[in-house]
Structure formats: structure tokens, C-alpha cells
Amino acid sequence: MKTKSRTAAELQRELVEQLNAIKEPASTSDTIATITKWLASNIDEFGSSAETYGLGRFTRLDISSLPIKMMAHNPSEEIDAFRRVARHTVDALAMKIRDAIWTAIVWQTSEQCPNCLNDQLRALKTARTKRIVLACDFCGWAQTLRGERWSGGEDLVIMNTEELAAHGMLDRMHKN
Ligand SMILES: [Zn+2]
């Protein structure tokens, strides 16, 4: 049974209602859990944008395994952005949701992107061979741990806290 698809404004209003229901002060974990739970129930509304922005992977997250508490992230700002800035297309809302979740859960290293100097590289790993790839959200640059340009060929997946610790990535952050 297919129900009539909802507009971006309707979807955003629903999401904001869920975010407003979080007990203050909202932690990043609560915020991300709320967004991903809502997303899991509504992913079909995003059509091809869900694929474009890889939203599916966020509906299967084990929040407690991710380094959320160790990241510099302001959940109130994130929630406010959903409250204040209306997205006029489902595609724009999908992108905003991707960015909101991504910045809260994907480990950001202290290494600056050598390509654009605009952002610090985030730690990901190759899906099959489990190698670390440091990638820039801003310009799309990606490199190996040794700084060699990574040429792609494998999907990149999000690293959990245990994997980051095993690779010394968390220490790497704290030393700086
Ligand atoms: Zn860059």
C-alpha cells in the first residue's frame, strides 16, 4: 500500500517534533539516535535522495559503538539548524540529515586536508580490505595514513570506537 508522499516541509516538521521531544539538555547520542530512528521509519519518503546521500547506512547504526562522546560536536546547534532553516526539497533535507549525522559520528582527526586546507580529515576504512583512509568532507580528497593519495576502488565505511582505538587513531587525536 502506497501512501501519498510527504513534502520536505512536512518531513522536516515531523523530524523537528521528534527532536523537540528529547529531554534537555540533549546529548549528541540522544540527538543522533532520534534522527536515525525517525529516518529508519521514513527512509522511503526520500526516494533516490536516500541513495545519493547514503542514508540507508544510518538506519542500521549501533550508536553505542561509535566515538560520539569523544567528538567536539554541539547537538543544540544541530537541532536549532533543523528548527530554523527550512529545506524546500526532499533532496536538500536528505543532504542536511546526512551532514548532521556524519559530522557527529565520523571521527575527525587533527590532520588538516593537504589539498584544500579547509577542513580536518575524517577517518574511514575500506569496506573489504579494512584499510584506513583519511578523507576530506570539504573537497573530497582522500589519502592513506602515510599521506599517499587514495585512488578509490572500494567503498568506505564508518569506523567504530574499537577500530579507531586499535589503529591508534584516538591517541593520534589526543596527542595534538
Ligand atoms: Zn580538502
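Donors are N, O and S atoms within 2.8 Å of the metal. All views show a predicted model.

**View 1. Zinc site formed by four cysteines.** The zinc ion has as its protein donors the SG atoms of Cys113, Cys116, Cys136 and Cys139, lying 2.3 Å from the ion. Along the sequence, the spacing of these donor residues is C-x2-C-x19-C-x2-C. Cysteine 116 and cysteine 139 link distant parts of the chain, being 23 residues apart. Cysteine 116 is in the loop between β1 (108–112) and β2 (120–126), and cysteine 139 is in the loop between β3 (132–135) and β4 (142–143).

**View 2. Geometry around the zinc ion.** The angles subtended by the 4 donor atoms run from 108 to 112 degrees, so the arrangement is tetrahedral. Four donors count as tetrahedral if all angles lie between 85 and 135 degrees. One of the donor residues, cysteine 139, has a relative accessible area of 34% and is therefore partly exposed.

**View 3. Packing of helices α4 and α5.** Helix α4 spans residues 75–84 and helix α5 spans residues 90–105. Their axes are 11 Å apart, and the helices pack at an angle of about 175 degrees. The two helices are therefore roughly antiparallel to each other, as angles over 145 degrees count as such. From α4, Glu78, Ala81 and Phe82 take part in the contact; from α5, Leu93, Lys96, Ile97, Ala100 and Thr103 do. By class, this contact of α4 with α5 has 5 nonpolar, 1 polar and 2 charged residues.

View 4. Tyrosine 53 sits in the loop between α3 (47–52) and α4. The relative accessibility of tyrosine 53 is 12%, so this residue counts as buried; the cut-off for buried is under 20%. Leaving aside residues up to four places away in sequence, tyrosine 53 touches Phe58, Asp91, Ala94, Met95 and Arg98. Of these, arginine 98 is 45 residues from tyrosine 53 in sequence, with a C-alpha to C-alpha distance of 6.3 Å.

**View 5. Glutamate 148 in the loop between β4 and β5.** Glutamate 148 is placed in the loop that runs between β4 and β5 (156–158). With a relative accessibility of 43%, glutamate 148 counts as partly exposed. Ala142 and Gln143 are touched by glutamate 148, when residues up to four places away in sequence are not counted. Histidine 167 is 19 residues from glutamate 148 in sequence, and the two residues are 18 Å apart in space, C-alpha to C-alpha.

Key
Residues numbered from 1 in each chain as written. Predicted model: local features only at pLDDT ≥ 70, side-chain atom pairs only at ≥ 80, totals over all residues. Heavy atoms only, no water. Axes fitted to C-alpha atoms, helices over the stretch in contact; angles between N-to-C directions. Helix = DSSP H or I, 4+ residues; strand = E, 2+ residues; numbered from the N terminus. Parallel < 35°, antiparallel > 145°, perpendicular 65-115°, else oblique. Contact = heavy atoms within 4.5 Å. Nonpolar A, V, L, I, M, F, W, Y, C, P; charged D, E, K, R; others polar. Donors = N, O, S within 2.8 Å, 3.2 Å for Na, K, Ca; no water. Tetrahedral: all angles 85-135°; square planar, octahedral: opposite > 155°, others 65-115°. Buried < 20%, exposed > 50% of the residue type's maximum accessible area, 1.4 Å probe, protein only.
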